[in-house]
Amino acid sequence: MNRLCLDARMLHASGIGTYLQNLLPALASAFKLTLLGHPEELSGYPATVIPTDIPIYSIPEIIRFPSLVPRCDIFWSPHYNIPLLPVKAKKRLVTIHDVYHLAYLDTLSMKQRIYAKVMMQTAIKKSQHIITVSQFSKKEIIKYCGALPDKISVIHNGVDHQHFKKLEDKRLLQTVREKYQLPKQFILFVGNVKPHKNLINLVKAFAKVKEKIPDISLVIVGKKDGFITSESDVLPFINQDQGLTGRIIFTGFVDDQDLPVIYNLARLFVFPSLYEGFGLPPLEAMACGCPVLVSDRASMPEVCGEYVNYFSPTDIESIAGGLLEKLPQPEAEKQPEIQNGLARAQTFTWQQSTQAHIDLIRQLA
């Protein structure tokens, strides 16, 4: 059995945490697995755990972390923050989910720019193989890093269909609605509040349509505080328009088990992101039977296919037009789109993704 060592420090990070949580159970069965991370988080996996609290993106990570990697056939970094110094592994594998930091260098500080460039270039140079999550990201890695195409494998993420699904339990739906004080009719946004998520343009588009569709609100799943960099203008924009303050709801933290219920309650899910390596939320919404309206940028057309409506995320009128087209749609007209969305989401499973990872690791070893 091949010896696989994996950096699992980001087990509960957004995005990469979902990726790891869905892959680890099967990896632990397929390989002699060693995990580097927090013991209390990793105790449930049948693997050897090497405890470490070394933070990511830190000087100790550069100096001390490589020495923790044991002798193994493959050391796998699920993010581009790979060990810079030698490790006791025969081969290295890295997952690069996207190259946002290289595509949007102007949004970073000088320190962040240098770190992103050095680490991504080094990850590609030192690793025998690269996994990424979409054909879009593969093209971006080649474009910005000069990686050889044959060195990159595309393995799509999956949807947890036991978790994200259409619900008929009216009591559960009402309980969650009351828990988060959700309005009867609402547009839903789910995602980290970062500049490329483009929340400001969605808010501006909503401001244009709110009077034409007076019974609709915008629900933002995420924290109201902590808006940084270019998103710092979201709250001032909302606060300067008294008509928005009561129509835009920030849920704050949402329990994992409640998110599928909120997708089920939403009238429309909107994803205005400028840049995504993959983008799971639209698929999660589709799996829950929620109509979807998404940006036409980056990986979105690849992931969502022809089963959703698109808009230009830099054009507020385009977003507003999409909202005005979709929101008044009668329930009967939504059903074909909902069924197509459910079918599209079913083509992305963690079982398929996991097996593709296992096959690749065995070939590499």
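How far is the sulfur of C304 from the closest cysteine sulfur? Hi everyone, let's start there. The closest one sits in C290, 12 Å away, which is too far for a bond; a disulfide here is a pair of cysteine sulfur atoms within 2.5 Å.

A quick word on the model: it is predicted, local features need pLDDT of at least 70, side-chain atom pairs count only at pLDDT 80 or more, and totals for chains, interfaces and linings use all residues. Residues are numbered from 1 along each chain as its sequence is written, and side-chain values use heavy atoms, with hydrogens and water left out.

Back to the cysteines. C72 has its closest cysteine sulfur in C5, at 5.0 Å, again too far for a bond. C72 is buried at 4% relative accessible area, and C304 is buried at 0%; buried means under 20% relative accessible area, with a 1.4 Å probe and protein chains only. Altogether, the structure holds zero disulfides.

Now the packing. The largest nonpolar core has 67 residues, and L27, W76 and F269 are among those with the most contacts inside it. By nonpolar core I mean buried Ala, Val, Leu, Ile, Met, Phe, Trp, Tyr and Cys residues joined through side-chain atoms within 4.5 Å. Helix α1, residues 16–30, gives this core its largest share, eight residues; helices are DSSP runs of H or I, at least four residues, and strands are runs of E, at least two. A second, separate core of 28 residues includes I187 and A320.

Finally, the sheet: seven strands, open, with parallel pairing, in the order β3-β2-β1-β4-β5-β6-β7. Pairing requires at least two DSSP bridges between two strands. Strands β5 and β6 pair over three bridges, and T95 has I131 in β6 as its bridge partner. Thanks, everyone!

Technical notes
Buried < 20%, exposed > 50% of the residue type's maximum accessible area, 1.4 Å probe, protein only.
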